[in-house]
Amino acid sequence: GQEIVIEAHSIPVQFQGKSANLAVAMDVTERTLYEEKLQANSHQLARAHEISKIATWEWNLQTDEVVWSNEMYRLFDVAPGSITLTPDINLRFVHPEDKGILRDARLGIKEKGQVSQIEFRIIRGDGAERFIWADGEVTFGENGRPKNNARHFARHYRPQNGRTCLK
């Protein structure tokens, strides 16, 4: 035979005046295999982010929920869970002279679903200044309006001889 994974639940019930247990068992082998593959893929993606120094974040345009990758926390020098993630949290770290760049980009995403490549400076938790290049994508619904999520990709770079990523 083949080994399978079973999920079982049992609850006490009264049946014809007597105490009994109602038990249900379900074969969850396939679901377990998919969960293991998903976990392995998630680990590979996190490792790829770490090696490539690519940080990602996702913004749910309906609920304003924001999720950061581990590399995003490293980029900003912030411990995971130490800050409340909001669509405006990045502004807390953006260099004062560059806040308008991020505000304009956020407005374009929220109102029109427009994402553009941008460059800006951040001031990390340790006080160090970094140059950031960011890009992203927005998912659109059938009505042509931005759907739920905007995904963003960012990386630190070092400008050389006045050149930036976009020039």
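Predicted model: local features only at pLDDT ≥ 70, side-chain atom pairs only at ≥ 80, totals over all residues.
Q: Which pattern does the protein chain follow, read along the sequence?
A: The secondary structure of the protein chain comes to four helices and seven strands. Read along the sequence, these elements give the pattern β-β-α-β-β-α-α-α-β-β-β.

Q: What percentage of the residues in the protein chain is buried?
A: A residue counts as buried when its relative accessible area is under 20%. Of the 167 residues in the protein chain, the buried share is 31%.

Q: How much space lies in the largest cavity?
A: A search of the whole structure finds one cavity of 30 Å³ or more. The space in this largest cavity is about 270 Å³.

Q: Which residues lie nearest the centre of the largest cavity?
A: The lining of the largest cavity consists of 23 residues. By class, 13 of them are nonpolar, six are polar and four are charged. Those nearest the centre are Trp57, Leu102, Arg106, Ile109 and His152.

Q: Which element supplies the largest share of the lining of the largest cavity?
A: At least two lining residues come from each of strand 3 (54-60), strand 4 (66-68), helix 3 (89-93), helix 4 (99-112) and strand 6 (129-140). The largest share is five residues, and it comes from helix 4.

Q: Does the span of helix 4 agree or disagree with 1.5 Å a residue, and how far apart are its end C-alpha atoms?
A: Helix 4 has 14 residues, and at 1.5 Å a residue it should span 20 Å. The span agrees with this, because the end C-alpha atoms of helix 4 are apart by 20 Å.

Q: Which residues of helix 4 are buried?
A: An α-helix has 3.6 residues a turn, so residues three or four places apart point the same way. In helix 4 the buried residues are Lys99, Leu102, Ala105, Gly108 and Ile109.

Q: Which residue follows helix 4?
A: The residue in question has a positive phi, near 70°. Helix 4 is followed by Gly113.

Q: Which element gives the most to the lining of the second largest pocket?
A: About 190 Å³ of space lies in the second largest pocket. Helix 2 (70-76) and strand 7 (146-157) are the elements that give two or more residues to its lining. With three residues, the element that gives the most is helix 2.

Q: How many charged residues does the lining of the second largest pocket have?
A: Among the residues that line the second largest pocket are Lys53, Glu71, Arg74, Arg124 and Arg158. The lining has two nonpolar and two polar residues, while its charged residues number seven.

Q: Is Ala8 buried or exposed?
A: Ala8 lies in strand 1 (residues 6-15). The cut-off for an exposed residue is over 50%. Because its relative accessibility is 55%, Ala8 counts as exposed.

Q: With which residues is Ala8 in contact, leaving aside its neighbours within four places in sequence?
A: Ala8 and Asn70 are 62 residues apart in sequence, and their C-alpha atoms are 35 Å apart in space. With neighbours within four places left aside, Ala8 is in contact with Val24 and Ala25.

Technical notes
Residues numbered from 1 in each chain as written. Heavy atoms only, no water. 1 Å grid on protein atoms, 1.4 Å probe; cavity = no way out; pocket = protein on both sides within 12 Å on 5 of 7 lines; lining within 4 Å. Points joined across faces, edges and corners; volume = space filled by probe spheres on them. Nonpolar A, V, L, I, M, F, W, Y, C, P; charged D, E, K, R; others polar. Expected span 1.5 Å × (residues − 1). Buried < 20%, exposed > 50% of the residue type's maximum accessible area, 1.4 Å probe, protein only. Contact = heavy atoms within 4.5 Å.
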